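Dear colleague,

Please find below the structure that I promised to pass on to you. Have a look at it first, and then read the notes that follow.

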Amino acid sequence: MMRPCAVLAAVLLFVAHAAFAQSGQHQTWYTFNGDLAAQKYSTETQITPDNVASLTVAWQMHTGDLSDGSGKIPASVWSATPLFVNDTIYLGTPFYRIFALEPDTGKVKWSFDSHSTLKALTQPALKTRGVAYWQASQITVGEPCQKIVYLGTMDAQLFAVDADTGRACAGFGKNGVLNVNQWNTINAKWPLSVLQPPTVYKDTLFIGWAGKDWAEAQAPPGDIFAVDARTGALKWTFNALPANIAKTTGTSNVWASMSVDADHNLLFIPVSSPSPNFYGGNRKEALPLVTAVVALNADTGAVVWSRQLVHHDLWDYDTNAAPVLVDIVKDGQTIPALLQSSKQGFIYVLNRLTGEPIFPMDEKPVPQSDVAGEQASPTQPEPMTPEPTTSAEWPGVSTLADIASFGYCSREAKALRVDGRFTPPSLRGSLTYPATAGGVEWGGGAVDPTSGTYVVNSSSVVQIYQLLKREEYDAKTKNGTPNGYFPMNGVPYGYYQANFVNWLGMPCWNPPYGTLSSYDLKTGALLWKEPFGEVQKWGFYMPLSWGSVTIGAPVITKSGLILIGASMDSRVRALDLKTGKVLWTGLVDAPAVSVPAVYNYKGREYVAFAVGGNSILEPKVSDQMIAYALPK
Amino acid sequence: MHADTGVLNRVGAWGLVVASLAGLAVSVFDYVTPGNGIAGSFGALLVVVTSVLLVAASLTVAFALVGRRWVRVMIDMLLCLGVLGTGFAAYMLEADVLLALMVVAFVGWLAHLCAVPRAVHRPAKLQPGVA
């Protein structure tokens, strides 16, 4: 017979369980990638392939923070992931404000203005990829700043505000502001712009930063700063560059998002390329941690393992997306894996505890540089499984573009150096494919951990990379710097880059310009690959088979949907995970170059997009935040 | 039969007018309405201009304002090109309503063209001395 207190305990447990079940215990979307594993996977099942066609606008709001660059304020590039946590939607804007919204109406709960400078100090536009969220493991009722939202700025400040009230957290940094630039002590030619929200794990923030690419050979070295989430006190620093070379080169920073394996206390970081980006005569030393994926001990910053993805990077092939963490069942064994997408179109599948490839990866001979002072790596690592998102050879001359330009495209292709993957920049100009725009951009892919399906969007962009002897560069830029010219001060060459297009702006290469691919991670096999999105020029939509260059990322839902914006045509889409067929399309104000958020609030599932546009895709900007749901 | 052909001709011409006018209204609406994906674009402006020209040309046909045959033929041909061109542009703009109206306009044009009243045939005069 049960004692009365045991019965009471059982009843309380039942009531608690019932309340828990009634509350739904739905997944939060609490990081840039949804969670710390960067899976971009939602367990929600209300919206399905069968009913997604009836998806409708649940609410939308405009932050007011946008600029097309025509006035005094630089153009805005808004690529924020809306966070859903603490029963609130949190947004960071490119004017460096934070909005807290009601999840079911979009009504503003509070907003916070950092009053940050609106100058493009490092990037060509005002950028942000949103906010980060932390909350104490033990909440003390009545105490402020037990839950904090963080927003970084172009001028290297990190703001911390109370997630419930929007008031600055005085205990963080100095009156709620951490000056990240205090650690900018080597080659401090520009501020360490905190445009990617920090990664939050336990009580630590991991802060990366963005700089000014292609301008300087000697640039700030790419430290990561681990700071206390409550106070901003520095815990540890990681630098991908050895101290003895830090002054002669620079960057190799982490400007993209990171991921965390909480079970093994590992922080995974995508490290970018060293400066200058297209000539390496000043950095011939072995730099194994740059253009690499690196696993760090989250408590100490010590390197656990690293794998370089591009040796002696001459293409600005920054490792640019958070590694996706997922367990793969292969040959009957469960392997803790990491998927690293890349600008070069390779998908590196590694054991996340050791860094060893799960599928074969070879070192292959690659074209060599003919530029004096340069010494390209003789080989590069090339994983052929899964199949790269981009082909080994460039797509070839577009007949239509060639005819429209009276043969310009084919003449130019013959005049340029074209030697396939990893053709180094040259004095006569090299046709580079994939170019620095990708391949896969900073959004990376999404994974369904239950079926082991990986989905990733990829662009197909061909560019001309040309080195110019210093005197030639100076002559071309003495009356101002035309578009496409970058100084790379500190080395014997300046740099010119252009998209390979004809006089009408038509790409000189064959479509598709963007694809969406799905892979079976058990075997690495390509399940399907479809042109994705539409190109729009002067309002006219080009054929579906052309696809679109994309920036942004997909989300997968447990119900079998892919939800994605990313394309040039200002549309957001839902696709069938099994087939890649587009099931629903929504029109938004600009390209939704962001990671969508999927959340459930009060029993209703929402899909939310920050619609900001990106001048890389087209000069169309917006401040629209839009959420879709099934009709009530 | 001649009377039926004339009616069909007029119906076709006026169908062309109505479809062109509606097309103009839709194209202007598309150009000025934010959030439709084509507002303010060069393509949307282009179909506004071609729709204006279609309206003008179709009115000249409907009111039979042009007497010279070669001018009528030229306007008919230009109307055909205008309707097909605007329709193709509407297809590329994914402006479905405008595309549908251009289909209607094309049917009107066909009706107008195929039902042109034949010239009245006068009885042949018999030549003297011919049996």
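**Two helices of chain B**

H2(B) and H3(B) are roughly antiparallel to each other, a label that applies because angles over 145 degrees count as roughly antiparallel and the axes of these two helices cross at roughly 150°. Please keep in mind throughout that this is a predicted model.

Two packed helices are described by the angle between their axes and the distance between the axes. For the distance, the axes of H2(B) and H3(B), the latter covering residues 69-93 of chain B, come within 9 Å, and H2(B) passes H3(B) in a left-handed crossing. Among the residues of H2(B) that take part in the contact are B:Gly43, B:Ala44, B:Val47, B:Ser51 and B:Leu54, while the residues they meet on the side of H3(B) include B:Leu79, B:Gly82, B:Val83 and B:Thr86.

An α-helix has 3.6 residues a turn, so residues three or four places apart point the same way. The buried residues of H2(B) include B:Ala44, B:Val47, B:Val48, B:Ser51, B:Leu54, B:Val55 and B:Ser58. After the helix comes B:Ala64, whose phi is positive, near 50°.

**Strands of chain A**

How many of the six residues of strand S11 of chain A are buried? Six of the six are, so this strand, residues 157-162, is largely enclosed by the rest of the structure. In a regular strand the side chains alternate between the two faces of the sheet. In S11(A), A:Gln157, A:Phe159 and A:Val161 lie on one side and A:Leu158, A:Ala160 and A:Asp162 on the other, and both faces are covered.

S11(A) runs antiparallel to strand S10 (residues 147-152), to which five bridges join it, and A:Ile148 stands opposite A:Asp162. Four residues lie between the strands of this hairpin, in which A:Ala156 takes a positive phi near 70°. Three bridges also join S11(A) to strand S12 (residues 177-179), again in the antiparallel sense, with A:Leu158 opposite A:Leu178.

Further along chain A, strand S23 (residues 348-351) has both of its faces covered, with A:Tyr348 and A:Leu350 buried on one side and A:Val349 and A:Asn351 buried on the other. S23(A) pairs with strand S22 (residues 333-340) over four bridges in the antiparallel sense, and A:Leu339 stands opposite A:Val349.

With best wishes

Technical notes:
Residues numbered from 1 in each chain as written. Chains lettered and ligands numbered in written order. Predicted model: local features only at pLDDT ≥ 70, side-chain atom pairs only at ≥ 80, totals over all residues. Heavy atoms only, no water. Buried < 20%, exposed > 50% of the residue type's maximum accessible area, 1.4 Å probe, protein only. Pairing = 2+ DSSP bridges. Axes fitted to C-alpha atoms, helices over the stretch in contact; angles between N-to-C directions. Parallel < 35°, antiparallel > 145°, perpendicular 65-115°, else oblique. Left-handed = near helix turned anticlockwise from the far one by under 90°. Contact = heavy atoms within 4.5 Å.
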